[in-house]
Amino acid sequence: MVLKYIKEINFIFITVVGTLGNMSVSVNYMFSWWGNPEKKSVHLILIHLAFTNIIILLTKGLPKTVAAFGLRNFPDAIGCKIIVYLGRVARGLSICTSSLLTVVQAIIISPRSSRWSRLKPRSAWHILLFFLYFWILNALISMNLIHAITSTGLNISQLKNSNNYCYFMLENQEVKWIFLTLMVLRDAVFQGAMGGASGYMVFLLHKHHQHVLYLHNSKLLYRTPPELRAAQSVFLLMLCFVFFYWTDCAFSIILSLFSRDNRLMANTQEFLALGYATFSPLVLIHKDGLLVECWHAQMEKLRKCHSHLNVQ
């Protein structure tokens, strides 16, 4: 019972911290995006990534949080379908959006003479077309869950798998493998693009580092461009994604093959599934100093407002 309560408290803590972190990142970049005449594409992608993370945290953490407060029979059959379906769609959106973020950032920092610079989005609104494609793609790939998910109210003998509040019904093996193949193909394509773009960014950041060392030895002052500082943040974000994604995959494979009844590994896998959605906004807040910038901006507005009132 003690371990059960500790697990529920941890889920509540992770859900609340991750949701608040993503909301702060989303609001900060939203104000920055609307206030910037250039309307940076990266800011729009980070807003969408934060929104996707919030969906993941709410669909996975909210039912467990509600159950921790003693509310039973939540959700019902329709609620189960909606929650699990949205969670699966949001997971795919997280992979696609993270890949797009890495590729766009690599294009932005590429030299003007490079052929990749021609692919730079002319407007941030062009990114919305990618978002529409991602939503349609992941909504279609996850369609089988609508028929395969139900609540715990049915006869347990009809069911296959449980995640405490919803169950996976036994489904046609051919349909299962078709959708599983589509998911693996999606992950492979987008993570391949993410890996290629990350490697290219590492190459460009290494060249920049060599240039900085040369200027430092020459005793010349040099300030890192904001595009390269943003690239460092994006690269750190991608390392965070790779760690949580592949660790989650490893635990899922071990659980499915060897240790189905190992509650410790199952609980660890559940926390890993929320890891990227929780820690990615914290990485951005720490690396970019988002809360500090937001605080200074609000204080500056208050100071101007106070000065204006004193003049009147």
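Phe-130, Tyr-133, Phe-134 and Phe-190 are joined into a cluster by ring pairs. Please bear in mind that the model is predicted. In total, the structure contains nine aromatic pairs.

Let me begin with Tyr-133 and Phe-134. Their ring centres lie 5.9 Å apart with the planes at 55°, so this pair is classed as tilted; the edge-to-face class would require an angle over 60 degrees. Are these two residues buried or exposed? Tyr-133 has 46% relative accessibility and therefore counts as partly exposed. Phe-134, at 2% relative accessibility, counts as buried.

Phe-134 also pairs with Phe-190, and here the arrangement is edge-to-face, with 5.6 Å from centre to centre and 80° between the planes. Which helices does this pair connect? Phe-134 belongs to helix H4, residues 126-141, and Phe-190 to helix H6, residues 173-217. The two residues are 56 residues apart, and their pair thus links distant parts of the chain. Both Phe-134 and Phe-190 are buried.

I turn now to the database record. In an unreviewed entry, UniProt lists several stretches as "transmembrane region", among them residues 43-62 and 125-149. In the model, residues 43-62 are 100% helix and 0% strand, with the end C-alpha atoms 27 Å apart. For residues 125-149, the corresponding values are 80% helix and 4% strand, and the end C-alpha atoms are 36 Å apart.

Definitions and conventions: Residues numbered from 1 in each chain as written. Predicted model: local features only at pLDDT ≥ 70, side-chain atom pairs only at ≥ 80, totals over all residues. Heavy atoms only, no water. Phe/Tyr/Trp six-rings, centres within 6.5 Å; stacked < 30°, edge-to-face > 60°. Buried < 20%, exposed > 50% of the residue type's maximum accessible area, 1.4 Å probe, protein only. UniProt positions renumbered as here; feature names shortened; annotations may be inferred.
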